[in-house]
Amino acid sequence: MAADNPNTSEVPIPPTGAERSTRSCRYCIVGCGYEVYKWPVGEEGGPSADENALGIDYPAGYGEWPSPNMHEIIQENGQEYHVLFKPDTEYPVNEGGSHSVRGGTQAQSLYSPNNEDYDDRLKQPQIRIGGDLVTVDWDTAIEAWARATEIATENGENPNGYGQKLYFYQFIENTFAGTKLCHDVIGSPNWGGHNRPALTTEVPGLVNAGLAQWSYAYEDAAEADTIVLAGADPKENQDVIFSKWINEEGDADIVFIDPRKKFTANYAENNGGIHLQVNEATDPILLNAIARHIVDQGWHDEGFIEEWVMDNRETIDEEGWYQEEFGLTPEEYYDLLDDSRYAPENAAETTGVPAEDIREAAELIAQPDADETNTLFMLEKGLIWGWSHENTGAMANLTLITGSVGRPGTGITRAGGHQEGFWTNGAEGDAIAERSTQTFDGEKVEGVTVPPNTVERVRDGEIKHWHVIGNDPARHSYATQDLRNSIRERTSGAQPQTADIDEIERAFRERIENGGMVVTHQELYPNTTTQYADILLPAKAVESGEGGDYHRWNGERRFRQYQGFMEGPSGAKEDWEIFSMMGQRLGADDMDWESSREIFNLIAEEYPGAGGDHSLEGIAPAAEANDMTPAEYMETVEEGVQQPIYEENGEVQGTPRIHAPDGEREVMDHRFHTSTGEAIFQRVDWDRVVDPDDGTTIGDVYEQLSPGEDEIWVTNGRLQHLWQNMYTHQRLEYVQKRFPQNILQLHPNDAADREIEAGDLVEIVNDDVLNIHGENTEGSFTAVAYVVDEDDAAQGQAVSEGLAYTYWLYPDQVNNDVNPAYLDPANPNPGYKYGKGRIRRLGESEVKDEMSFKPMNIAPE
Amino acid sequence: MLVGSVGDLGDGTVETFEYPLEGTRNFLTRIEGAAWGGVGSDGDIVAYNGLCTHMGCSVEGLVTPEQEMAGPCSCHYTTFDLSKGGMVVSGAATTDLPQVRLEIEDGDIYATGIDGLVYGYRNNLRDGTPIEAATEE
Ligand code: FES
């Protein structure tokens, strides 16, 4: 039958002469290898292996196929180029071509002037004049930034007036330059990361126990007998860890701890593991109950504890204020577990996890019949953005009582987020110690200076010039509806009426002297914070290959080079260059760098972080032995190298895992990161007093956070397709199609009670957003109801009654507006996960017929 | 190309056929409700290519017409919504499952093209041998 042929889709084949470069994915921590082929439009390779740059025969086989979304056409200097951005089948992380949906579609995120979805890419510096952003030249923009900084800091007299909100996720060259500007050149302690308001660890209970947060090698996931996934779901946010290392190469039983019965919960249950469907915010009780059962049964590793866990109270107290407050001797720890609250039957009441499941999980974790316990503990934001000390400390304790660490198939690690490239010259220590205006009072220690919560300093006026780089705090923070009210108020004063620099200075001075604030925003695309920006600076998307060469590491500390391959918008600059212009304008004489490689060479030679978990100290000597610069040398290290990095026989040597037992290389001189090399149990106590003034405990805060009448818990997290605030994915058709709006997963009974069905637009309102700093506030957001009928829920409902789930950072439908201002006072990390609200139907959404509402939790039986 | 007949396609049936090249295997099925691009009086007859668009494993034997899904793929567990053009419900595939365009004439079902690139190919009609049209037309 003759018919129109709709087979129009075609992916060109790179010719043998196509330019090839390598890098890792721009997105998640797994850090899969990708290779990039670039060649002029008009040229094409052939379908047999010797006729194309891929060296494959078409049709392509398993894992070899460049899909249409791995291809893009970019434009540079009037010439169009094909770019094929595909998994590197030789890279050790994702050998064979494994990839996630995010990594596999990143070609589509490349800047292309032909793609109207990218029309709003920031291309020139702008300044808000008379209410609107107006294009200016770079010199004017940098001068305006400098004058705002001088006014805010009273010409350096009061450095705290400048606040910086930078990223942890970017490359070491850019974070080094940015933090140098903040802490060294300006001297301000007021620094926040992209995802939290202070320069704090995400896992205080881990690092203060002497454990590293990224301590394992991916092969440990393949070799473990049991894997504990607590508040972490690699299937959702670390696809290749799940699909390749846990599933394909491994055979572990999974203990999945999560309030939702999602894919990985069903996968665990169907494959010899167990799902502990914990009630929201009750993890410390559950984890203590598991530990208690292990100790009660005598399944704990007494030999390990004897040798490797600190048991002298005085030594613990001398370790530091955190350990004095939260460290426990083994005896104190066992006493704490003895509290009847943690008996499995009692814990079952609060956590919703049946006592027999708690016992079964304890047995899977401790492996009492094995000679050695091979359990790998993985945790992420479900624990981190909650009771961050208690949740992370409880995981550290489980690791230590089982002695399951430092050997293949064991360990404790974070399991999510972005790749890491946070590097400094060390100036933050003094800036915080000398100038932070935030202190902590505990039950034992008093008046301890801690890194300042910059969001509160934006609200209270201490920060007068807020420099935001590569993130969107007006949406990424906690209780953001109220935060936006503050920012709006503080930026609404005097405004320049012309681009004359003295007029700009006059307006900024008037505004700041009246308690206002100037906002500089350095970004790729506009976002919510841009609405309040006075100075807008366009950056190059170096993580996608624009500009120079860069370095960062992944979740097994594999450190590598990312080679730039395209220009990006010509008016944008790389972040280090912007920081360099700013620093030099303020008088720094050591920031006149010419390239990202020059900064890398400086770091490798002078600031290699020697001795630490992420030490780069072997790079410079290996480069010298090969008569190369460090950046040139890293170009030759094609598989990357695991930190800490040493030099041996003229080449770099990596370290597969931290906390290896005696006889192997020790990191920071000791097996565990304390003065004696012994780890320290952490106090995980539902009765911990978090407000010494009124005796409020964790348990009391839990009561305040819990949903009231007509409310349900509204928690949040990842969806496999979506990355962070979707700065690329909101512009990428294939991904947008799956989630054209934010979703709210609801149990059908909760939906029916509110006359809601799948595809309805709903509003989530929390009129009691807890604020530990003052009055409670209000917040709301909207989303599309994702409801699966009981008939279709072949493996159960993902959410139970009383719990709703939403994507954490969907543009303009952001649930942080309802999330509490509860931050651990010892280590101000926010409890983003603990939202609640009333849900009501607004009407039928525009996307009701476009979206798929099929169950996302169907796992192989 | 003739790929089946409405009368033979009962509830829950999954049939396979090659199109447009030799070795390009597709499945034909009748799902629970109406589908995008579905044919037949209820718009519930659909056909899709059988190779998962993630890394090329077959989902042919993993079609559940009553759930209107294909998958989870046995390799990395991608699932596709057969009522919505092969859209990925969850999983790592970077394109939808290619949907075979169908037409019905006198109770016979014909394939008339494919929306979306079949796994492994640069073009659905190149690098292989076309299937001869198996009908008098
Ligand atoms: S090949 Fe089907 S999910 Fe990977």
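Buried area is the accessible area, taken with a 1.4 Å probe, that two parts lose on being put together, summed over both. With that term in place, I turn to the structure above.

This is a predicted model, in which local features need pLDDT of at least 70 and side-chain atom pairs count only at pLDDT 80 or more, while totals for chains, interfaces and linings use all residues. Residues are numbered from 1 along each chain as its sequence is written, chains are lettered from A and ligands numbered from 1 in the order in which they are written, and side-chain values use heavy atoms, with hydrogens and water left out.

I begin with the domains of chain A. Their bounds come from an automatic or database domain assignment. That assignment gives domain 1 (19-118), domain 2 (204-418), domain 3 (614-653) and domain 4 (692-844).

Consider domain 1 and domain 4 of chain A. Their centres, taken over C-alpha atoms, are separated by 36 Å. Eleven residues of domain 1 are in contact with ten residues of domain 4, where contact means heavy atoms within 4.5 Å. Between them the two domains bury about 1000 Å², and carbon and sulfur atoms account for 64% of it. Which residues of domain 1 lose the most area to domain 4? They are Tyr27(A), Val101(A) and Arg102(A), together giving 47% of what that side buries. A salt bridge is a side-chain nitrogen of Lys or Arg within 4 Å of a carboxyl oxygen of Asp or Glu. Between domain 1 and domain 4 of chain A, the count of salt bridges is zero.

Next, the two chains. Here 60 residues of chain A are in contact with 48 residues of chain B. The area buried between the chains is about 4300 Å², with 55% from carbon and sulfur atoms. On the chain B side, Tyr77(B), Thr94(B) and Arg122(B) supply 17% of the area buried against chain A, more than any other three residues. Four salt bridges are counted between the chains. Arg122(B) also forms a salt bridge with Glu44(A), with the closest N and O atoms 3.8 Å apart.

Over all chains, the count comes to 65 salt bridges. Another pair is Lys38(A) and Glu76(A), whose side chains meet at 3.0 Å, N to O. Lys38(A) lies in strand β2 (residues 33-40) and Glu76(A) in strand β3 (residues 71-76) of chain A, so the pair ties together parts that are 38 residues apart in sequence. Strands (E, at least two residues) and helices (H or I, at least four) are DSSP runs, numbered from the N terminus.

On a 1 Å grid over the protein atoms alone, a cavity is a set of points where a 1.4 Å probe fits but cannot get out; a pocket is an open set with protein on both sides within 12 Å along at least five of seven lines; and lining residues have an atom within 4 Å of a point. Grid points are joined across faces, edges and corners, and a volume is the space filled by probe spheres set on the points.

There are seven cavities of 30 Å³ or more. Where does the largest cavity lie? Domain 2 and domain 4 of chain A both give residues to its lining, so the cavity lies between them. Ten of the lining residues are nonpolar, eleven polar and eleven charged. In this scheme Ala, Val, Leu, Ile, Met, Phe, Trp, Tyr, Cys and Pro count as nonpolar, Asp, Glu, Lys and Arg as charged, and the others, Gly among them, as polar.

The second largest cavity has about 280 Å³ of space. Of its 24 lining residues, Arg260(A), Gln745(A), Ala798(A), Met856(A) and Asn857(A) are the closest to its centre. Both α6 of chain A and β8 (87-90) of chain B supply at least two residues of this lining.

The largest pocket has a volume of about 1400 Å³. It is lined by 38 residues, with Thr200(A), Thr201(A), Val207(A), Gln213(A) and Phe422(A) nearest its centre. Helix α12(A) gives the most to this lining, with three residues.

Finally, chain B has a cis peptide bond between Tyr19(B) and Pro20(B), with omega about -5°. Pro20(B) is placed in the loop between β2 (14-18) and β3 (25-30) of chain B.
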